[in-house]
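Please keep the sequence and the coordinates open while reading.

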Amino acid sequence: MRSDHVTRELEVEGLAFRVIHSPAPSASRTYVLVHGIGVSHRYLRRLHAQLALDSEVISVDLPGFGGLPKPSGNPDVAGMARGLAALLDQLDPRDVAVVGHSMGSQWVIELAAQRPDLVSHVVAMGPVADDRHRTPLAQARALAVDTLGESPAVNCLVFTDYLRCGMRWYSAQLRHMLTYPIEDRARSLTRPLLVLRGQRDPIAGLAWCRRLRDAARDALLVEIPRGRHVVQERAPRAVAAAIEDFVASHSAAGDAR
């Protein structure tokens, strides 16, 4: 991550967020990176740094994750997306491409469906929940298989964040993750969608990612060779290049927002 990034915690509509911002005053594009369930911006740092070479980048830790206070109640995907929208309203970034990983894909798709005025492009990396894994047990099995193939460094990042998150909050959000109708919400998108997966990802399978791509009106599927679920940590340059190529080649419908 660039040394000139700024980290701050903000409270927006009673929700606590952490923002890691790499400004780029001359850049025309802002990437907003959103982590998945249980984790934080830490496993997005290498992708953040790569995208920040040419663009403004904002990584966000959502309420209850990364050591942030748990919100009162248990916001579902729509509620968390509303909070994220309120945060972006306050930050007011330019020409935003939102990038979500795993459950983060649900939050950014929902954000773009609710507030297309805030978003130009949507990127879903390792999107969940694959329709083969829509029970807690099936998710746990897929996660275990992925863990065996990830590097020790990736596993350390993920599982130390799981400890900070805590099982109670993880389980509460898992219920929302497993029931969120991501295919239906993808159908309502008016912004281009990139579905991106690691070629060896056991959590977001190829057939599932194809179905999600086909649900959206303007979408592309890209696989990163040899990548697993946390593909952005193992291959940040390839992931960043795929995202940048997609944004450059897919103009957002209705850009006069």
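Helices (H or I, at least four residues) and strands (E, at least two) are DSSP runs, numbered from the N terminus. Two strands pair if DSSP finds at least two bridges between them. The model is a predicted one, in which local features need pLDDT of at least 70 and side-chain atom pairs count only at pLDDT 80 or more, while totals for chains, interfaces and linings use all residues. Residues are numbered from 1 along each chain as its sequence is written, and side-chain values use heavy atoms, with hydrogens and water left out.

The hairpin of S1 and S2 has 2 residues between its strands, and Glu13 there takes a positive phi near 50°. S1 and S2 run antiparallel and are joined by 7 bridges; Thr7 in this pair stands opposite Ile20 of S2. Strand S2 (residues 15-22) is mostly covered, with 7 of its 8 residues buried, where buried means under 20% relative accessible area, exposed over 50%, and partly exposed in between (1.4 Å probe, protein chains only).

Val32 is the residue opposite Ile58 in S4.

These pairs belong to an open sheet of 8 strands with mixed pairing, in the order S1-S2-S4-S3-S5-S6-S7-S8. Strands S1 (6-12) and S8 (219-224) stand at the edges with a single partner strand each, so one side of each has no neighbour in the sheet. From one strand to the next the twist averages 20°.

Which strands does helix H3 lie across? Helix H3 (residues 103-114) lies across S3, S5 (96-101), S6 (121-125) and S7 (193-198), and runs at about 150° to S5. Helix H10 (residues 236-249) lies across S3, S5, S6, S7 and S8, at about 165° to S7. Axes here are lines fitted to C-alpha atoms, for helices over the stretch in contact, and angles run from 0 to 180 degrees between N-to-C directions; contact means heavy atoms within 4.5 Å.

In helix H8 (residues 206-215), the buried residues are Trp208, Cys209, Leu212 and Ala215. Down the axis of H8 they fall within an arc of 120°, so they line one face of the helix; the arc is that of the directions from the helix axis to the C-beta atoms. Their cover includes helix H7 (182-187), S7 and S8.
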